[in-house]
Amino acid sequence: MSRDLPSLVEAKAMARQLRAELAGGMGHAQALERVAHQFGFSDWNGMHAAIAHRAPARWVVGGRLRGRYMSQPFEATVVSVVQARPGWFWLELDLDEAVDVVTFESFSNFRKRVRGLVGPAGRTREQTSDGEPHLVVEM
């Protein structure tokens, strides 16, 4: 295992990409096995056990992230990362510029520090009234 290991989310994305590139009837399980072999594991179960609790590489304290909070674009520094369950992490971010989280014209509420439970797709389950996730982090 000479290469840095990916997170669970990244490894699954690699398997999806492999399936799309080969498109020759390879099942998802076979693609996962191939990804595991690329990283020196004998099978997917062994790799899964080794990486299940890893956050994506950029999600580290002091790391830089981009995304949207309450539909407003941001760039931020990661303040904390705590795993809630495999693939889901509480992220606390210090935004470079405060964002207005209110869309009402005569009222504003600016936030500079935000926290959210972010899942495998880099987004929260919580949504605004128009269906947008509260927090979306570029993967």
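Modeller: Gladly! One term to begin with: helices are DSSP runs of H or I with at least four residues, strands are runs of E with at least two, and both are numbered from the N terminus. Please keep in mind that this is a predicted model.

Colleague: Thanks! In what pattern do the helices and strands follow each other along the sequence of the protein chain?

Modeller: Let's start with the inventory: the chain holds 3 helices and 5 strands. Reading along the sequence then gives the pattern α-α-α-β-β-β-β-β.

Colleague: What share of the residues of the protein chain count as buried?

Modeller: A residue is called buried if its relative accessible area is under 20%. The C-alpha trace spans about 60 × 30 × 20 Å along its principal axes. Of the chain's 139 residues, the buried share is 35%.

Colleague: At what angle do helix α1 and helix α3 pack?

Modeller: Two packed helices are described by the angle between their axes and the distance between the axes. Helix α1 covers residues 8-22 and helix α3 residues 44-51, and their axes lie 9 Å apart. The angle is about 145°.

Colleague: And which residues of α1 make that contact?

Modeller: By class, the contact of α1 with α3 has 5 nonpolar, 1 polar and 1 charged residues. On the α3 side, the contact is made by Trp44, Met47, His48 and Ile51. Their partners on α1 are Leu8, Ala11 and Lys12.

Colleague: Moving on to α2, which helices do its buried residues pack against?

Modeller: In helix α2, residues 28-38, the buried ones are Ala31, Leu32, Val35 and Ala36. They cover an arc of only 145° around the axis, so they sit on the same side of α2. The buried residues of α2 pack against α1 and α3.

Colleague: Which residue with a positive phi follows α2?

Modeller: Most residues other than glycine have a negative phi. Here phi is positive, near 90°, and the residue that follows α2 is a glycine, Gly40.

Colleague: What is the phi of Met70, which is not a glycine?

Modeller: Met70 lies in the loop between β1 (64-69) and β2 (72-85). Ser71 is in the loop between β1 and β2 as well, and its phi is also positive, near 70°. For Met70, phi is positive at about 50°.

Colleague: Is Met70 buried or partly exposed?

Modeller: Buried means under 20% relative accessible area. Met70 has 21%, so it counts as partly exposed.

Colleague: Last one! How much space lies in the largest pocket?

Modeller: Met70 and Ser71 are among the residues that line the largest pocket, together with others including Asp100, Thr128 and Asp130. The lining divides into 3 nonpolar, 5 polar and 2 charged residues. The space in this pocket is about 150 Å³.

Terms used. Residues are numbered from 1 along each chain as its sequence is written. This is a predicted model: local features need pLDDT of at least 70, side-chain atom pairs count only at pLDDT 80 or more; totals for chains, interfaces and linings use all residues. Side-chain values use heavy atoms; hydrogens and water are left out. Axes are lines fitted to C-alpha atoms, for helices over the stretch in contact, and angles run from 0 to 180 degrees between N-to-C directions. Contact means heavy atoms within 4.5 Å. Ala, Val, Leu, Ile, Met, Phe, Trp, Tyr, Cys and Pro count as nonpolar, Asp, Glu, Lys and Arg as charged, and the others, Gly among them, as polar. Buried means under 20% relative accessible area, exposed over 50%, partly exposed in between (1.4 Å probe, protein chains only). The arc is that of the directions from the helix axis to the C-beta atoms. On a 1 Å grid over the protein atoms alone, a cavity is a set of points where a 1.4 Å probe fits but cannot get out, and a pocket is an open set with protein on both sides within 12 Å along at least five of seven lines; lining residues have an atom within 4 Å of a point. Grid points are joined across faces, edges and corners, and a volume is the space filled by probe spheres set on the points.
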